[in-house]
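This report covers a metal site and some strand pairings in one protein model. The sequence and structure are shown first.

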Amino acid sequence: MRPIFEIQATDGAARNGRLISAHGSVDTPAFMPIGTYGTVKAMTPEELTDLGAQIVLANTFHLMLRPGTAVIALHGGLHRFMHWPHPILTDSGGFQVFSLASLRTITEEGVRFRSPVDGAEVRLTPEDSMDMQLALRSDIAMALDDCTPFPATEKEARASMERSMRWATRSHAHYHQSEPPGGLFGIVQGGMFASLRTASLEALLQRDWSGLAVGGLAVGEPEEERLRVLEGLVPQMPADRPRYLMGVGRPEDIVAAVQRGIDLFDCVIPTRHARNGHLFTSTGFINIRNASHQMDLGPIDPLCSCYTCRNFSRSYLKHLDRCKEILGARLNTIHNLHVYLSLMRALRAAIAEGRLSSFAAGYLAQRREAAGAVA
Ligand SMILES: [Zn+2]
């Protein structure tokens with residue numbers, strides 16, 4: 001089923017919507033926890049649901065290497081393979097190939113690279129990416145794009161964007177060859193150049209996409225650059241389609257992007273940081289590895305209502321982390337995901353009630369203050 005997007009309320013540029021797919025609906029703005037290998041690390045699907053996750057992102061690149069899409073197709077798709085009955089977005093595999101794979105060669109056809117698992121040569125074309133995402137039976141698939149590095153000259157960004165647009169055309173044609181299980185999103189590229197971003201959007205809009213993503217941000221650019229690109233681009237994007245800002249980011253980045261009209265987010269930060277003992281609080285963050293937490297009987301955050309904060313002390317979490325106990329990673333992940341998913345709930349409520357700007361101003365001021373006082 002092709003996803004349907006309904007907007008329920010707007011507040012400035014921000015939207016409170018609902019994305020409806022064959023596996024249920026997602027309230028937006030939404031954060032998608034990352035399930036790289038078909039698992040959000042350390043969480044059961046039931047725990048994710050209890051935390052309020054309505055959609056997860058899975059990485060096509062990792063799943064194509066291990067276990068391979070044939071194994072997942074044997075289960076009838078990724079939902080049954082990973083026991084996640086709710087919506088799934090899969091990426092195209094492109095970003096990981098560009099950022100992780102060694103010995104990659106980019107041609108007009110696609111990308112060839114050496115598998116980091118067994119060294120075998122692997123090919124990833126737009127058609128290959130579509131075939132794999134169709135085999136995974138994701139609710140939302142992403143077009144294969146050429147990831148423009150940062151920094152890039154105008155000439156480099158243009159060549160990369162134009163290749164992405166040719167690949168988007170091929171992705172679109174291949175995905176829609178027969179009745180697909182979900183919808184396909186196109187990805188706007190163009191680096192930090194407003195005119196290239198507009199040209200990329202115009203090229204994409206020659207085809208009908210279930211949603212549009214903004215790619216090529218969160219690649220090391222300064223925050224002001226990212227906001228400038230969003231402020232130029234988002235008002236030109238069709239209002240009736242979901243808008244997905246790929247790979248962003250910190251809680252304050254999400255708030256700023258929601259204010260500018262973005263609906264969907266993904267980022268490794270909450271889950272990866274949790275496993276490294278980096279825990280978000282209502283006033284900033286703490287690192288549970290710091291000695292100051294050894295004798296601290298308090299929770300990570302006295303204002304947090306998550307399972308971890310209701311039941312465990314910083315002292316115990318520090319002990320688990322130091323002994324590399326698996327439970328430490330689990331409890332930390334529960335807390336960080338709760339922080340992110342609660343923030344999304346608060347943002348949706350603020351938009352629905354028309355008080356996003358005061359909510360965001362208060363939230364961003366608190367984070368700025370906290371940035372100066374890290375425990
Ligand atoms: Zn908590």
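The sections below treat the zinc site and then the strands of this predicted model.

**Zinc site**

Four protein donors surround the zinc ion: the SG atoms of Cys304, Cys306 and Cys309, together with ND1 of His335. They lie 2.1 to 2.3 Å from the metal. Along the chain, the donors of the zinc ion have the spacing C-x1-C-x2-C-x25-H. The angles subtended by the four donor atoms around the zinc ion are 99 to 115°, so the arrangement is tetrahedral. For comparison with these angles, the ideal value for four tetrahedral donors is 109.5 degrees.

Cysteine 306 counts as buried because its relative accessibility is 2%.

**Strand pairings**

Strands S2 and S3 form a hairpin, with two residues between them.

| Strand pair | Bridges | Direction |
|---|---|---|
| S2 (residues 14–21) and S3 (residues 24–28) | Five bridges | Antiparallel |
| S9 (residues 111–114) and S10 | Four bridges | Antiparallel |

Isoleucine 20 stands opposite serine 25 in S3. Valine 111 has leucine 124, in S10, as its bridge partner.

Conventions. Residues numbered from 1 in each chain as written. Predicted model: local features only at pLDDT ≥ 70, side-chain atom pairs only at ≥ 80, totals over all residues. Heavy atoms only, no water. Donors = N, O, S within 2.8 Å, 3.2 Å for Na, K, Ca; no water. Tetrahedral: all angles 85-135°; square planar, octahedral: opposite > 155°, others 65-115°. Buried < 20%, exposed > 50% of the residue type's maximum accessible area, 1.4 Å probe, protein only. Pairing = 2+ DSSP bridges.
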